[in-house]
Amino acid sequence: MSHFVTGTVATLLLLVPGIGLYADEGKPLRTPKLSAENAQLRDFVLPNPSEASYRKIPWRTSVLQGIVDAQKNDKPVMIYLMNGHPLGCT
Amino acid sequence: MLVPAADAIERPGKALDDKTNMSFESQLVRKIKTQCNDFYSYQGIFVATPSGLLLAGTHHDARDARKVEKLLREGLEKWKTTSPSDRFMTQEVFSKAVAELAKEEARKRYPTGGLVLSVICRDLPRPDAKNVSEVHRKMYNQDYAWFRKSEAQAFLPEQPIKGAKRKVKRDLVERLARFHFVDLVRGHTSPFPQNTVERADLTAEVIDVNDNFVSLRYKGWTQTSEVHEGVHTEGKWNRPGPGIPKLQKRGVDAKLEGHAVYDQKAKKFVSFNVVVVTKRWGGNVYNARAQFLDFGPAPMGIVLSLAGDNVADRVPPLFFRSYGWK
């Protein structure tokens, strides 16, 4: 439900031309009017909060960085190894 | 509790699983992996001590959160019973690891001050969706597209005044078409060679200028198309077999539309949202199209947006080696 609400608000904001986040006082920055389906497709393609939740983990992006940090912090290391980087294209 | 590290097996020179790779990192990974299983693949999740002692590991269950949780708990329990002398590298070995890490950091090519885009792709709804499993329907993939600072400037007109237009340099649009408008939804495939790019047009138009900020519209169209040369190529063209067409083809027809905001004072994009609606065709075993004879044409959506600035958003593009950056 909350994802639906967030997505809907985001869609409305993207569909309404003339609403600009970057603006002088009283003079909003105009944005182009895009096709009706543009914002809907964007919402459809982008990962929802649940799908993107793994990105909240404080990953080290290499085995070596993980091993060095683990030694420094007296901790074990968890290594997630894939063909293609798990935080990029895997 | 533990230090999480994610990494790719591939390396610019020798891969981590290459037995001739004598780097500290590769030797450590091979040591950990061989304690876990005899599989050919190094893919998996491993819990280990900094010294390289395996505490828990799996090749199979990376997508099952409960099984991963169980594995992590198992690893943490073993950690508790492991003596400090077994847990850690000696100071001499640690110094070697730190030195190698410094070298790796110095080799990174992240385009600071440039344009770094998050590239997300996902199959779009299609009439034959009932033939596609729920797992595959939900799949998406992520990559990054990198443009250096000088290249980022080419994404807006030289004179940023209202109504000004500029065709983005072809080689930059080709970079998107060849390396980022590729069917990676379910897995990997090859980038498109330059001679397969049939169209690479992208126009930037200034919609408004306000103080330092320039509002831009993007519209574009790229096409790539490649035909099988008659030779099976692993990860690209399929072996002959039932359902595999004799004349294999692959390609992507992509329409781009979106907007961005450029900050002239900071000299960087502060917003970038381009939706790419594509028709893709072709496929292989690695991108999980061949197994299901899902060769299309079928719709695929791609969204380009500004990447974040944390370390996880600095992972290089999948096909970075093909960028040709010196």
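These notebook entries record what I looked up in a predicted model with chains A and B.

**Conventions.** I number residues from 1 along each chain as its sequence is written, with chains lettered from A and ligands numbered from 1 in the order in which they are written. Since the model is predicted, local features need pLDDT of at least 70 and side-chain atom pairs count only at pLDDT 80 or more, while totals for chains, interfaces and linings use all residues.

**Confidence in chain A.** I began with pLDDT, the predictor's confidence in each residue, from 0 to 100, and found that chain A averages 80, with 71% of the residues scoring at least 70. Confidence in chain A is lowest in helix 1 (residues 2-15), at a mean of 37, and highest in helix 3, at 97; helices here are DSSP runs of H or I with at least four residues and strands are runs of E with at least two, numbered from the N terminus. Over residues 1-19 of chain A pLDDT stays under 50, and the model has 17 contacts beyond four places in sequence for them, a contact being two residues whose C-beta atoms, placed from the backbone, lie within 7 Å. Where pLDDT is low, the predicted coordinates should not be read in detail.

**Helix 3 of chain A.** I then asked how many of the residues of helix 3 (residues 63-72) of chain A are buried. I call a residue buried if 20 or more other C-beta atoms lie within 10 Å of its own, exposed if 12 or fewer, and partly exposed in between, with C-beta atoms placed from the backbone. By that rule 8 of the 10 residues are buried, so helix 3 of chain A is largely enclosed by the rest of the structure; among them are Val63(A), Leu64(A), Ile67(A) and Val68(A). The cover over these buried residues includes strand 1 (77-82) of chain A, and also strand 1 (3-8), helix 1 (24-36) and helix 4 (91-107) of chain B. Just after the helix, Asp74(A) takes a positive phi of about 55°.

**Between the chains.** I noted that 67 residues of chain B are in contact with 50 residues of chain A, and that the chain B side divides into 42 nonpolar, 13 polar and 12 charged residues; Ala, Val, Leu, Ile, Met, Phe, Trp, Tyr, Cys and Pro count as nonpolar, Asp, Glu, Lys and Arg as charged, and the others, Gly among them, as polar. Strand 1 of chain A runs antiparallel to strand 2 (residues 44-48) of chain B, joined by 5 bridges, and two strands pair if DSSP finds at least two bridges between them. In that pairing Ile79(A) has Phe46(B) as its bridge partner.

**The sheet of chain B.** Chain B has 7 helices and 11 strands, and 38% of its 326 residues count as buried. I traced an open, antiparallel sheet of 8 strands in the order 5-4-11-10-9-8-7-6. Strand 5 (140-147) and strand 6 (165-167) of chain B stand at its edges with a single partner strand each, so one side of each is left without a neighbour in the sheet. Helix 2 (residues 36-45) of chain A packs on this sheet, touching strand 4 (115-123), strand 9, strand 10 (268-281) and strand 11 (298-306) of chain B, and its direction makes about 90° with that of strand 11; for such angles, axes are lines fitted to C-alpha atoms, for helices over the stretch in contact, and the values run from 0 to 180 degrees between N-to-C directions. Helix 7 (residues 170-180) of chain B runs at about 120° to strand 7 (197-210) of chain B.

**Strands 7, 8 and 9 of chain B.** I counted 12 bridges between strand 7 and strand 8, and 15 between strand 8 (residues 213-227) and strand 9 (residues 249-263). Trp221(B) is the bridge partner of Asp201(B) and stands opposite Lys255(B) in strand 9. Strands 7 and 8 form a hairpin with 2 residues between them, where Asp211(B) in the turn has a positive phi of about 55°.

**Nonpolar core.** Which members of the largest nonpolar core touch the most other members? Such a core is a set of buried Ala, Val, Leu, Ile, Met, Phe, Trp, Tyr and Cys residues joined through C-beta atoms within 7 Å. Of its 88 residues, Ile79(A), Leu117(B), Ile302(B) and Leu304(B) do. Leaving aside neighbours within four places in sequence, Leu304(B) is in contact with residues including Leu117(B), Val119(B) and Phe272(B).
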